[in-house]
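Please consult the sequence and the structure while reading.

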Amino acid sequence: MTAANYKTPPNPYDELPYCAYPVAWTAPERLALTSLLHGGPRLPLDQYRVLELGCANGANLLPMAWYRQHGEFTGFDASARQVSLANEARDHLGLSNLQFVHGDFRSAPDQLEGPFDIIMAHGVFSWINDDARDAMLGLCRSLLAPDGLLYLNYNAKPGWTVRGMVRDFLMQQTAHASTLKERAEMCREVSAKVIAPLQAEEHPYSKLMGNEFQLVVNQDPAYIAHEYLSPENNAYWRDEFFSLLHESGFAYVADADFNCISNRITSDYENLLKEAGMPGRAPSEGADLICYRQMQSPILTHAPFAKRACNDTEFANLVMASMLEPVEGKQGENPSFKHILGQEIETCKDPLHKALLKLQPLWPRGLSVKSLFSDIQDIREDLEWLLRYQLIELRCIEPGDFEAAPEPLNELEQSLRQISTSAWHTSSESKHPTESTIAPVTDSRKFIPL
Ligand SMILES: C[S@@+](CC[C@H](N)C(=O)[O-])C[C@H]1O[C@@H](n2cnc3c(N)ncnc32)[C@H](O)[C@@H]1O
């Protein structure tokens, strides 16, 4: 075939645009906090440049740029239709600190000018072929600032293997339909039929499959089309992913979702496997198996990189926020607090008790750690523990420092995807499965003593 008669294959994202949503933990301040607490590069937060690769309709970058007018944001995507939707929304909001560029990773070097302090790609790494993936990694290498952060989310083995079986089944069942939308709608119908007999079964395998097919039924066609019917869908073992990234010149810093529900690796599992003499290829992989983990969201930086632990002065400068409500207790008991999701804690430290009482009415606003505690060394471990279980928030800066009125943004978001994103980059009613496939912890375990 000559170049003249070669036709570019149709882009499935042009046929049916993806329904992207904001991803809370990709906000620059959140990435900066995660990196700081894990000894990674310190990100400048007064001014920075962010690049999102595979940005789709711009749903993640629009609110990010809206509230952070001191930052400069670029989205890059191969789907002309999605980029045009993103540009329309950008123009509607009149954002001059955000641009969307249409292009392919394989021909991007001439279109993008670095350096960027943050490069992020959510839901992209696993959905592209090896050529595009390697081109994307080359781009990241050349465009990331020396102390920059790279966020790369990918589908993880072994958990993804289960979803992969469902995908294979749905691909076969719908192969005869003519449009992507028809195929996606058929996926829902097929899944609904499969669920019915599974619900009658008590066997754990039936429950597992029932949940997987229920996820399909709950999603909209655009999500199903690109999640289950994409020609590329490559899951990686954690170790395999990091080998690739090391070969490309990157070093691991931390998991962006280290304190989120999607992150079901706990250090306890890893230690348990190590102590049991079961290191395997990497203890975290064994932990992933036990936790049925399907997705990873690591942050990386250029290699070589030497960890620099967060010191007490840096920790003291963080902002703490808490919605923990005091609980009536019996006399003589330690004061207790309850989280909106049900967890309860007890504290035997007076400064922590006082700080929690002070912070709750201020929520979602916070106060600096140094204004709440005089002895940082004494309280730090407790605060890190509370953060790990999402019982409090720690922040590098308050959105109050860069706030813009939410209304124009939220009106647009409501009309486009029925969500409202806050200055903290959290969205109401987000259907993004990154944050909702796992039910929140609702038990009221007591963690004693703090
Ligand atoms: C599954 S979507 C993820 C969208 C969004 N980041 C999210 O997670 O909500 C993958 C995106 O990558 C883009 N993409 C795929 N291959 C690409 C390539 N070779 N160059 C640039 N963008 C590409 C697609 O157009 C699509 O918008």
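A residue counts as buried when its relative accessible area is under 20%, and as exposed when that area is over 50%. The model is predicted. The points below treat helix α7 (residues 180-199) and strand β4 (residues 116-121) in turn.

**Helix α7**
- The 20 residues of α7 should span 28 Å at 1.5 Å a residue, and the end C-alpha atoms are 28 Å apart, which agrees with that expectation.
- Leu180, Arg183, Ala184, Cys187, Val190, Ser191, Ile195 and Leu198 are the buried residues of α7.
- Viewed down the helix axis, these buried residues lie within an arc of 145 degrees and therefore line one face of α7.
- Exposed residues Glu189 and Lys193 are carried on the face of α7 that is turned away from the buried side.
- Packing against the buried residues of α7 involves α1 (12-15), α6 (159-173), α8 (204-218) and α9 (221-228).

**Strand β4 and its neighbours**
- Six of the six residues of β4 are buried, and the strand is mostly covered.
- With strand β1 (residues 48-53), β4 pairs in the parallel sense over three bridges; Ile118 in β4 is the bridge partner of Val50.
- With strand β5 (residues 144-152), β4 runs parallel and is joined by five bridges; Leu144 in β5 is the bridge partner of Phe116.

Technical notes. Residues are numbered from 1 along each chain as its sequence is written. This is a predicted model: local features need pLDDT of at least 70, side-chain atom pairs count only at pLDDT 80 or more; totals for chains, interfaces and linings use all residues. Side-chain values use heavy atoms; hydrogens and water are left out. Helices (H or I, at least four residues) and strands (E, at least two) are DSSP runs, numbered from the N terminus. The expected span of a helix is 1.5 Å times one less than its number of residues. Buried means under 20% relative accessible area, exposed over 50%, partly exposed in between (1.4 Å probe, protein chains only). The arc is that of the directions from the helix axis to the C-beta atoms. Contact means heavy atoms within 4.5 Å. Two strands pair if DSSP finds at least two bridges between them.
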